[in-house]
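Notebook open, structure loaded. I wanted to go through the ligand site and then a few residues one by one.

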Amino acid sequence: MSAIRIIKGKYRNKPVRNIAFTLVSGYASGAKGNYVTVKNDGNFPNCPDTVRIKVDSIQDFEYVTGDAMQDNTVHFEKPTVVETDDEAMDRIRERFDILHEMTKATVSGDIRAMIVSGPPGVGKSFGVEQEIDKATMFDKLAGKRLRAEVVKGSATPIGLYQTLYKYSDANCVVVFDDCDSILLDDVALNLLKGALDSGKKRTISWLSESSALRREGIPDRFEFKGSVIFITNLKFDKMKSQKLRDHLDALQSRCHYLDLTLDTMRDKLLRIKQIAKDGVLFADYDFNEYAQDDIIDFMHANKDRLREVSLRMALKIADLRKSFPNNWKRMSETTCMKAA
Ligand SMILES: Nc1ncnc2c1ncn2[C@@H]1O[C@H](COP(=O)(O)OP(=O)(O)OP(=O)(O)O)[C@@H](O)[C@H]1O
Ligand SMILES: [Mg+2]
């Protein structure tokens with residue numbers, strides 16, 4: 001039985017490396033490139049018994065004895081039908097496209113509430129703000145009252161009540177960006193639950209007497225018809241306190257939940273590469289292509305030492321590269337990396 005070991009090939013666009021197969025027929029050229037035909041031998045589930053592995057040249061495979069087949073698991077990697085970088089980037093882009101689509105739908109009122117969660121510096125605020133800016137641009141030009149407000153940092157329960165009142169009309173959106181204090185406060189959470197309830201009428205009340213509200217002419221109950229977006233680093237399902245988790249579950253059940261976590265280091269680096277390649281990440285720096293690649297290669301090489309692998313970190317390093325063209329790596333090591 002003759003066998004062939006593919007050193008570097010592709011099957012259905014997935015890489016195939018160092019795998020031995022039973023040979024059916026040798027190297028051939030077709031309209032779609034060069035290939036060898038081999039028995040599947042159970043390597044690719046749900047695929048035909050005989051498959052064509054694409055190779056670039058005769059250097060990409062070698063003929064071996066049939067024994068190599070038994071040794072597959074010992075000497076050679078199991079077939080790796082792995083995601084390519086391009087496929088991973090498409091997958092990641094799709095998730096951020098969803099962020100844009102969902103934000104649009106929230107601005108238009110089709111979606112009443114959305115929670116966007118994910119680690120720092122991946123582009124949560126950026127994506128939401130970009131859509132909000134687009135939506136409010138015409139209002140701004142026309143000098144009309146803005147339909148949207150982004151509240152950043154902390155907010156007290158009464159501040160929350162006032163903001164919800166101010167943006168209670170059907171065409172309004174309030175974005176709470178990094179306002180985790182309101183997600184961790186009982187009174188605030190109850191207000192939000194009321195504001196986002198799925199019933200037809202969403203009435204919110206402020207139960208205690210407040211001179212601040214009276215002064216501003218804000219009633220102690222009103223109907224909220226607007227939409228809300230929360231942007232947070234909190235992982236709702238990982239909260240330790242059961243009471244808080246129940247509360248957040250109640251909020252989550254009223255909202256669409258978009259998790260933008262990039263789980264692996266590879267995904268994080270690919271996201272940075274992707275935004276840089278789009279020509280937007282370093283747009284303000286007048287960098288040439290090599291400078292961009294330099295920064296990304298540097299991050300790649302030091303991924304385990306960087307305090308954070310994020311778009312924000314890429315921009316920090318870009319700042320250093322611009323300010324200290326000859327010494328930026330050393331500066332980055334000192335300021336962006338954990339001690340060795
Ligand atoms: N698609 C993009 N194109 C260009 N720059 C981007 C893009 N997304 C994010 N950035 C830049 O990356 C940096 C981090 O993004 P952003 O502030 O949106 O992160 P974040 O996820 O909101 O982080 P945090 O949780 O810390 O608030 C910002 O400087 C932002 O301008
Ligand atoms: Mg943010």
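First a note on terms: helices (H or I, at least four residues) and strands (E, at least two) are DSSP runs, numbered from the N terminus. I'm working with a predicted model, where local features need pLDDT of at least 70, side-chain atom pairs count only at pLDDT 80 or more, and totals for chains, interfaces and linings use all residues. Residues are numbered from 1 along each chain as its sequence is written, chains are lettered from A and ligands numbered from 1 in the order in which they are written, and side-chain values use heavy atoms, with hydrogens and water left out.

**Entry 1: two loops**

I looked up Asp41 and found it in the loop between strand 3 (33-39) and strand 4 (50-54). Its phi is near 50°, a positive value in a residue other than glycine. Asp41 counts as partly exposed because its relative accessible area is 41%; the cut-offs are buried under 20%, exposed over 50%, and partly exposed in between (1.4 Å probe, protein chains only).

Arg12 also has a phi near 50°, positive although the residue is not glycine. I found Arg12 in the loop between strand 1 (3-11) and strand 2 (14-30). Buried or exposed, Arg12? Exposed, because its relative accessibility is 54%.

**Entry 2: ligand 1**

Where does ligand 1 sit? I found it in the largest pocket. For the record, on a 1 Å grid over the protein atoms alone, a pocket is an open set of points where a 1.4 Å probe fits, with protein on both sides within 12 Å along at least five of seven lines. A molecule sits in one if more than half of its atoms lie within 2 Å of its grid points.

I get 16 residues around ligand 1, and Gly121, Lys124, Ser125, Phe126 and Arg312 come nearest (near means a heavy atom within 4 Å). The shell splits into 9 nonpolar, 4 polar and 3 charged residues. Helix 4 (124-141) and helix 12 (311-323) each give the shell at least two residues.

Next I checked the ligand's oxygen atoms. One is 2.7 Å from a polar backbone atom of Phe126. A polar side-chain atom of Asp178 is 3.2 Å from an oxygen of ligand 1, and one of Asn233 is 2.9 Å from an oxygen of the ligand. The protein covers 82% of the 620 Å² of accessible area that ligand 1 has on its own (Shrake-Rupley method, 1.4 Å probe).

**Entry 3: around Glu131**

Which side chain does His100 touch in a polar contact? That of Glu131, at 2.7 Å. A polar contact here is a pair of N or O atoms within 3.5 Å; within protein, one must be able to donate a hydrogen and the other to accept it, and residues adjacent in sequence count only if both atoms are side-chain atoms. His100 lies in helix 3 (residues 85-107) and is buried, because its relative accessible area is 18%.

The side chain of Lys134 makes a polar contact with that of Glu131 too, at 3.3 Å. I placed Lys134 in helix 4, partly exposed at 46% relative accessibility.

Asp259 lies in strand 12. I noted 8.2 Å between the C-alpha atoms of Asp259 and Ile115, which are 144 residues apart in sequence. Thr261 lies in the loop between strand 12 (256-259) and helix 10 (265-277), and it counts as buried because its relative accessibility is 13%.

Key
On a 1 Å grid over the protein atoms alone, a cavity is a set of points where a 1.4 Å probe fits but cannot get out, and a pocket is an open set with protein on both sides within 12 Å along at least five of seven lines; lining residues have an atom within 4 Å of a point. Ala, Val, Leu, Ile, Met, Phe, Trp, Tyr, Cys and Pro count as nonpolar, Asp, Glu, Lys and Arg as charged, and the others, Gly among them, as polar.
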